[in-house]
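The exercises below are meant to be worked with the sequence and the structure in view. Each task is followed by a solution in steps.

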Amino acid sequence: MKSTLKLKTIDDIERELSIIVVCEKKQKADITLSQVYDFLAESIELSIQRIGSTTKRNTINKILGKYKFAKLLSKGSYTKANQIPGFPLKDLGDAESALLRLKTSLTAFKLHSGPFADHPVFGELDKKQWERIHGILAAFLFGYIQLYGDEKLRFAKDREQKKEKAFADKKQHQHHHQQKKKDDRDTKPSGHNSRKWKNKKKPHNKGNKNQGSGGGLR
C-alpha cells in the first residue's frame, strides 16, 4: 500500500513501531497486524540467517538485479507495478507474538555484522543496502495500518520539532565552521606574505645587474 512514510534505518523502523504500538489503530485493508509484523520480521530474519543458500545468477540477472535495486532506491517506495511477492502471509492470529518476533529480529539485525544473504531479486547486498530494503519494506507494510487519536498527533508534532531542531543545529554548525575559517584567515602571521615581497624584489635585483653590466661597457 502506498505510503508517504520514509524509513531509512533500523532505528527509524523501531521509532515508527513504537508509535504504532501506543496509538489507536485499525487496518486500512483486509490485512491484520500479525501479518504485517510477521512478514517484516521474516524478511529481516532471512537477510541475516539465510547465508549460503544463494541461487545461481547469470550476468544478465546480476545486471538486472542491480538496475532494479537502484530503481527502488531512487523511487524510495514500492508501487503497484512492483509489489511484494508472497505478501501477505497466512494470519496466525497472534499480534503480540508477531510484535515480539519483529522486535527481536530488529535487534538481531543491528547486532549482526555479516555475512548477509543474497536478495532473491537484487542479488548480493551489504548491511547498509539491506537496511535500506528493510526500511522501504517497513514503510510499505506500515501503510496498511491507520493511526488515529491524540497519540498520533503528539508523535507527529514531536517528529516535526526534531526535524526543525536538526536543521537548525546543522545550519548553526555550518555558520560556526565558516566563521572559524574566516577567523583563521584574519589571524595569519604578517610574515605569511613574505614570499610576495621576495617576488616583487626579484625584478629590482635584475635591474641592478643590468645597471652594473651597463657600467662595465662604459
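**Exercise 1: The packing of α2 and α4**

In this predicted model, helix α2 (residues 33-49) packs against helix α4 (residues 95-111) at an angle of about 25°, and their axes are 8 Å apart. Task: determine how α2 is oriented relative to α4, which hand their crossing has, and which residues make the contact.

Solution. 

Step 1. The angle between the two helices is about 25°. Angles under 35 degrees count as roughly parallel, so α2 is roughly parallel to α4.

Step 2. The crossing of α2 and α4 is left-handed.

Step 3. From α2, the contact draws on L33, S34, Y37, D38, L40, A41, E42, I44, E45, S47 and I48. From α4, the residues are A95, A98, L99, R101, L102, S105, L106, A108 and F109.

Step 4. Sorted by class, this contact of α2 with α4 comprises 13 nonpolar, three polar and four charged residues.

**Exercise 2: A residue of α4**

Task: state whether L99 is buried or exposed, and name the residues it contacts beyond its neighbours within four places in sequence.

Solution. 

Step 1. L99 belongs to helix α4, and it is one of the residues through which α4 meets α2.

Step 2. The relative accessibility of L99 is 9%. Buried means under 20% relative accessible area, so L99 counts as buried.

Step 3. With neighbours within four places in sequence set aside, L99 is in contact with L17, V21 and Y37. Of these, Y37 is among the α2 residues in the contact with α4.

Step 4. L99 and V21 are 78 residues apart along the chain, and their C-alpha atoms are separated by 8.9 Å.

**Exercise 3: The packing of α3 and α5**

Task: describe how helix α3 (residues 59-75) and helix α5, which spans 127-142, are placed relative to each other.

Solution. 

Step 1. α3 and α5 pack at an angle of about 55°, with 11 Å between their axes. That angle makes α3 oblique to α5.

Step 2. The crossing in which α3 passes α5 is left-handed.

Step 3. On the α3 side the residues are F69, L72 and L73; they meet Q129, R132, I133 and I136 of α5.

Step 4. By class, five nonpolar residues, one polar and one charged form this contact of α3 with α5.

**Exercise 4: A strand residue and a cis peptide bond**

Task: classify E24 by its accessibility, and state which residues are joined by a cis peptide bond.

Solution. 

Step 1. E24 is in strand β1. At 49% relative accessibility, E24 counts as partly exposed.

Step 2. E24 and Y148, 124 residues apart in sequence, are 5.7 Å apart in space from C-alpha to C-alpha.

Step 3. The cis peptide bond joins G114 and P115, with omega about 0°. P115 is found in the loop between α4 and α5.

**Exercise 5: The whole chain**

Task: say how many helices and strands the protein chain has, and in what order they run.

Solution. 

Step 1. The protein chain has seven helices and two strands. From the N terminus, their order is α-β-α-α-α-α-β-α-α.

Step 2. Among contacts between residues at least 6 apart in sequence, 86% join residues at least 24 apart.

Step 3. Of the 218 residues of the chain, 30% count as buried. The chain exposes about 15,600 Å², of which carbon and sulfur atoms supply 54%.

Notes. Residues are numbered from 1 along each chain as its sequence is written. This is a predicted model: local features need pLDDT of at least 70, side-chain atom pairs count only at pLDDT 80 or more; totals for chains, interfaces and linings use all residues. Side-chain values use heavy atoms; hydrogens and water are left out. Axes are lines fitted to C-alpha atoms, for helices over the stretch in contact, and angles run from 0 to 180 degrees between N-to-C directions. Helices (H or I, at least four residues) and strands (E, at least two) are DSSP runs, numbered from the N terminus. Angles under 35 degrees count as roughly parallel, over 145 as roughly antiparallel, 65 to 115 as roughly perpendicular and the rest as oblique. A crossing is left-handed if the near helix is turned anticlockwise from the far one by less than a right angle, and right-handed if clockwise. Contact means heavy atoms within 4.5 Å. Ala, Val, Leu, Ile, Met, Phe, Trp, Tyr, Cys and Pro count as nonpolar, Asp, Glu, Lys and Arg as charged, and the others, Gly among them, as polar. Buried means under 20% relative accessible area, exposed over 50%, partly exposed in between (1.4 Å probe, protein chains only). Accessible areas come from the Shrake-Rupley method with a 1.4 Å probe; for residues, only the protein chains shown count as cover.
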